[in-house]
Amino acid sequence: MADSGLTDVPAVGEALLRAILDPNLPLVSDVREVTAKTLVTKYPSDDHPFATLYNINLYRGCGHGCIYCDTRSACYGIIDISRIAVKQNAIALLERELAGKRKKGVIGTGSMHDPYMSLEERIGLTRRALEVIHRHGFGVHVITKSALVERDIDILTRLQAYHAVVSFSITTVDDDLARQLEPGASLPSRRLQAMARLRAAGIHSGALIMPLLPGLTDGEQNLRRLASALKIHGAEYALPGCLTLRDTGRAYFYSRLAKINPQALALTQRIYGERYLPPKEYAAKVYRLASTIITEAGLVQQIPKWRLDTQVTQLPLW
Ligand code: SF4
């Protein structure tokens with residue numbers, strides 16, 4: 001397996017050791033290597049809301065520690081997301097699996113873990129994966145809450161020959177509130193700065209305004225300030241989304257929210273109770289408000305899609 005252009009990124013084993021010893025990663029309680037059987041999963045079509053045909057997870061767990069994180073749900077078998085598993089064979093799997101795909105399309109990453117959590121700075125799996133995706137002529141849609149994505153503007157710029165989109169997950173411009181909700185992520189102000197840099201490089205970028213939290217981020221004032229900041233920083237699109245809550249994820253969220261904002265907890269419990277999705281009336285009200293504000297700010301509610309006419313002759317693999 002070639003690792004062209006990655007001389008600045010250490011081998012996984014060495015990086016892991018350094019990461020474990022890093023005092024700046026308090027939201028990471030454990031880091032270990034695992035061997036995955038497969039890496040690339042396929043959706044039935046690219047009508048997926050995130051406009052992706054494939055998905056990859058390079059890590060399991062996430063060092064951003066968002067208090068509402070759905071990855072804590074029991075169905076994923078992770079629960080303690082501070083224990084990070086690094087798929088040490090991810091790049092070899094990606095090379096092999098992409099070589100065998102007949103249909104090109106956009107590969108998504110970031111819906112189950114953040115591909116730019118702090119560990120990535122040391123380990124470089126995401127950077128390697130972008131190189132492989134580019135060599136095989138696929139597109140990419142990265143979802144992140146981290147300004148570390150700026151590091152890979154060079155590769156993302158090359159990926160534009162096929163398709164490159166970076167969505168920042170962001171629900172408020174209030175850095176102090178975000179510090180409490182998403183303790184390990186880049187502050188919203190840094191995410192916005194990174195978005196502006198990506199846009200200046202011509203890379204598609206916008207926001208996933210999700211999950212909107214009752215009494216904290218679902219109000220008109222918050223949404224107007226956010227939509228305006230997104231527009232100023234060059235966002236092309238914004239997609240709103242409500243919170244989802246189930247079993248272990250809900251228990252963790254409620255326990256943390258009790259310490260941060262008991263009024264918001266009481267409101268969330270009134271709205272959600274033990275439900276996974278919010279009641280239809282609440283969801284409709286939130287989507288209506290968010291959609292109006294997003295449209296008034298001049299943003300669309302659609303992620304740029306892979307277009308057949310953007311597919312160019314595949315570059316040589318080596
Ligand atoms: S960045 Fe995403 S995956 Fe990571 S903790 Fe936050 S919500 Fe979960």
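Which residues touch the most other members of the largest nonpolar core? The legends below treat this and related views of a predicted model, in which local features need pLDDT of at least 70, side-chain atom pairs count only at pLDDT 80 or more, and totals for chains, interfaces and linings use all residues. Residues are numbered from 1 along each chain as its sequence is written.

**View 1. The largest nonpolar core.** Ala129, Val140, Ile209 and Ala238 touch the most other members among the 82 residues of this core. A nonpolar core is a set of buried Ala, Val, Leu, Ile, Met, Phe, Trp, Tyr and Cys residues joined through C-beta atoms within 7 Å. A residue is buried if 20 or more other C-beta atoms lie within 10 Å of its own, with C-beta atoms placed from the backbone. Of the 318 residues of the protein, 45% are buried. Apart from neighbours within four places in sequence, alanine 238 is in contact (C-beta atoms, placed from the backbone, within 7 Å) with residues including Ile209, Ala227, Leu230 and Ile294.

**View 2. Helix α4.** Helices (H or I, at least four residues) and strands (E, at least two) are DSSP runs, numbered from the N terminus. Helix α4 spans residues 125-135 and is largely enclosed by the rest of the structure, because ten of its eleven residues are buried. Among them are Arg127, Arg128, Ala129 and Glu131. Glycine 137, which follows α4, has a positive phi near 75°.

**View 3. The seven-stranded open sheet.** The strand order is β2-β3-β6-β7-β8-β9-β10, with mixed pairing; two strands pair if DSSP finds at least two bridges between them. Strands β2 (41-42) and β10 (238-242) stand at the edges with a single partner strand each, so one side of each lacks a neighbour in the sheet.

**View 4. Strand β10 and its partner.** Strand β9 (residues 204-212) pairs with β10 in the parallel sense over four bridges, and leucine 208 has leucine 239 of β10 as its bridge partner. Four of the five residues of β10 are buried, so this strand is largely enclosed by the rest of the structure.

Technical notes:
Buried ≥ 20, exposed ≤ 12 C-beta atoms within 10 Å, placed from the backbone. Contact = placed C-beta atoms within 7 Å.
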